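I put down what I looked up, in the order in which I looked.

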Amino acid sequence: MLKSPRQASLQSTGSLQDVRMASGPALPDSLVLEIFLHLPHSAVLSAGLACHQWLAVSRDEFLWRELFYNYYRIPRSVPRHPAASSWFLEFKRLYDCIPCVEVQTLKEHHDQVLHLAFSHRGHRFSSCSKDCTVKLWDTERPDGSIALVHSSSMRAYNWGYTQFSQFNADDSLLLVSGVYLGPHHSSSGEIAVISLDNYTLLSRVRNKPYDVFGCWLNETHLISGNLHWIGNMTSCSVLWLNKAFQDVESENVNVVKRLFKIQNLNASSIRTVMVAHCRRHDSPDLLLDYEAQSRAREEGDGQHQQQVHQPLLFDLGSESDEESDDEPPPGSLLRHEPPRSHSHAIMQGKPGTEQEREIETKVAQLLGRSRTRAPNPDLMSPSNPEEGEDKTYLLFTTGSLTYSPHQIGIKRIMPDQMTTCGPVLGEERSSEEFFDSLDYVIDIHGHIIGMGLSPDHRYLYVNSRAWPAGCVISDPMMPPPIAEEIDMHVIDLKSLREERRSLRAHRAFTPNDECFFIFLDVSRDFVASGAEDKHGYIWDRHYNICLARLRHDDVVNSVAFSPADQELLLSASDDSTIKVWRSPRMVRLAQAPPRPPRHRKLLSSWLGRRGTDTMNLNGKP
């Protein structure tokens, strides 16, 4: 009869204790170690309780290094985490500190929950849903549970649903992004700013297309987008800097300023903007690609050609894109709306033949070359750890070959651009410089469906569904088929290159036209993502391994780590719930009975006795 791992562990431990209790001399340490190497880690821990000798052997570093590599199936070329003090404690960290135990299910939403965001302090988080509400939750209740604090419905502002939210740097304001309840093929959205002091609405900003989402640049200014179609395949994306609210004493001060104007080719557009503040003196919290490093050492010259599946990085030079009209972009990243009809209109429309599309793209490229401001190569030069300066980057998804987002565009934001004061509407640019060039582009060779920054903003994690190797795109309205497997790429924003092989475990099933955004999140040690296979996933950032699967009853749209405690994780799903996950260690601590404050009782009793003795010495009763 087959035995469970626990039964086998108990049997192994029992036989070892029988050996120990048998009469005769003790086994040498080397033999005990050899036996322990063939046991599961739980049996080793149990055997260590038998006697002092076995306890000492059960904490041997060589033993736990072998158990670590064998249990987690990590290549031996991967070193131990630099912050780990021992192999035993590192094994325990990965086994006991992963937020994989469901402790609470929040059911206050009445439709699909699309996004979760923590405050920077970790004391609150917000949730967005197709029920058109944004809800605020408290995570600091004395009993450790999470409770609803406030709910705001955006129906009164003609919103169809809320899709994204973000706290500003001092947690005083909340940015909420939503989709207008407009015509069937509308791509318009709006950004609202809510005060967290009294939950009043401070401002509303137009945002088009809605899957630009929007983001904070600093405590008081946010970035939104607009899209103008020039032709069937050519458009222009404008990114705006908006003041979150207008003070009474500053009525004559600009509250809006244009940041960048980018030309889009082949039905592409800018989406999913985020800001990264790359510090000059930060130390990386990851060891980089170990296999690549070992190959570089072996080759001596350190030059290694990138494989086909790795992203290509190139400087765009003076080439750029064009400008557009008011039509929805094809291939929206959110499935919660019907597929963008613009792609179908181009496919079936009168002027949208393949030959005419090619002519339009060539004309737009010629216009872009002559009307685009040349990039400054010094702005994006890769930084060495000991050199350079603090940099602020605007990151966004875009494309050049087809409408599906397959590239990450990067624009550096200079200090004088971080306020709405100064020239507006591009007054500082000459009439010949109609468009801004992209400073840098990273090609992912697949459909990008999610992005997230590490807490230090050093690394960008990207969810993508790969195109077939070697595929050629001849028609921008016919992107290649995408894989069901989701790859998660890791890009170093200092060196501007991919640092290690992509993570993989999660899956998605929708085709190109219905592909939607799956939000991921990154903590100090872990990265987590949703998936269409009804699970969330957690990986270790250092060892590149999947550690846990978090079960839901439908698609998991978003995950979020608490910035105050990475052993607390939230997941949001189409099943209308938010699940709260904590680590086994935290669950044990919460369930353990409180210890009586014995030291205080001992102190008070000692003081009482001392007082009695003193009274007795003084001759008093």
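With which residue does Glu66 form a salt bridge, and how far apart are the closest N and O atoms? I found that Glu66 pairs with Arg65, with 3.5 Å between the closest N and O atoms; by salt bridge I mean a side-chain nitrogen of Lys or Arg within 4 Å of a carboxyl oxygen of Asp or Glu. Glu66 has a relative accessible area of 14% and so counts as buried, while Arg65, at 31%, counts as partly exposed. For these words I took under 20% relative accessible area as buried, over 50% as exposed and anything in between as partly exposed, with a 1.4 Å probe and protein chains only.

**Entry: ground rules.** I noted that this is a predicted model, in which local features need pLDDT of at least 70 and side-chain atom pairs count only at pLDDT 80 or more, whereas totals for chains, interfaces and linings use all residues. Residues are numbered from 1 along each chain as its sequence is written, and side-chain values use heavy atoms, with hydrogens and water left out.

**Entry: the whole chain.** I counted 11 helices and 31 strands in the chain, where helices (H or I, at least four residues) and strands (E, at least two) are DSSP runs numbered from the N terminus. Of its 621 residues, 52% count as buried. I then looked at contacts, meaning heavy atoms within 4.5 Å: among those between residues at least 6 apart in sequence, 62% join residues at least 24 apart.

**Entry: confidence.** The chain averages a pLDDT of 80, and 70% of the residues score at least 70; pLDDT is the predictor's confidence in each residue, from 0 to 100. I marked residues 289-329, where pLDDT stays under 50 and the model has 114 contacts beyond four places in sequence. I also marked residues 425-429, where the pLDDT is below 50 and the model has 10 contacts beyond near neighbours in sequence. Where pLDDT is low, the predicted coordinates should not be read in detail.

**Entry: helix α6.** I turned to helix α6, residues 87-96, which is mostly covered, with seven of its 10 residues buried. Those buried residues are Trp87, Phe88, Glu90, Phe91, Arg93, Leu94 and Asp96. They pack against several elements, among them α3 (41-47), α5 (61-72) and α10 (584-591), and also the strand β27 (535-540).

In the loop between α5 and α6 I located Pro79, which counts as partly exposed because its relative accessibility is 32%. The C-alpha atoms of Pro79 and His542 are separated by 9.3 Å, although these residues are 463 apart along the chain.

**Entry: aromatic rings.** A search of the whole structure gave me 24 aromatic pairs; rings of Phe, Tyr and Trp (its six-membered ring) pair if their centres lie within 6.5 Å, and planes under 30 degrees apart count as stacked, over 60 as edge-to-face and the rest as tilted. Phe118 and Phe125 have ring centres 5.6 Å apart and planes at 55°, so I recorded that pair as tilted; both residues are buried. Phe434 and Phe435 have centres 5.0 Å apart and planes at 75°, so I recorded theirs as edge-to-face. Phe434 is partly exposed at 31% relative accessibility, whereas Phe435 is buried at 0%.

One aromatic cluster includes Trp64, Phe68, Trp87, Phe88, Phe91 and Tyr543. Over the face of Trp87 lies Arg80, at 5.4 Å from the ring centre; a charge sits over a ring if NZ of Lys or CZ of Arg is within 6 Å of the ring centre and within 35 degrees of the ring normal. I found the charged end of Lys130 over the ring of Tyr161, 5.9 Å from its centre.

**Entry: further salt bridges.** The structure holds 17 salt bridges. In one of them Arg458 meets Asp492 at 2.7 Å, N to O. Arg458 lies in the loop between β21 (446-453) and β22 (459-466) and Asp492 in strand β23 (residues 485-492), so the pair ties together parts that are 34 residues apart in sequence. Both Arg458 and Asp492 are buried.

Arg524 forms a salt bridge with Asp525, the closest N and O atoms being 2.9 Å apart. Arg524 is exposed, at 55% relative accessible area, whereas Asp525 is buried, at 7%. Shared partners join Glu90, Arg93, Arg524, Asp525 and Asp540 into one network of salt bridges.
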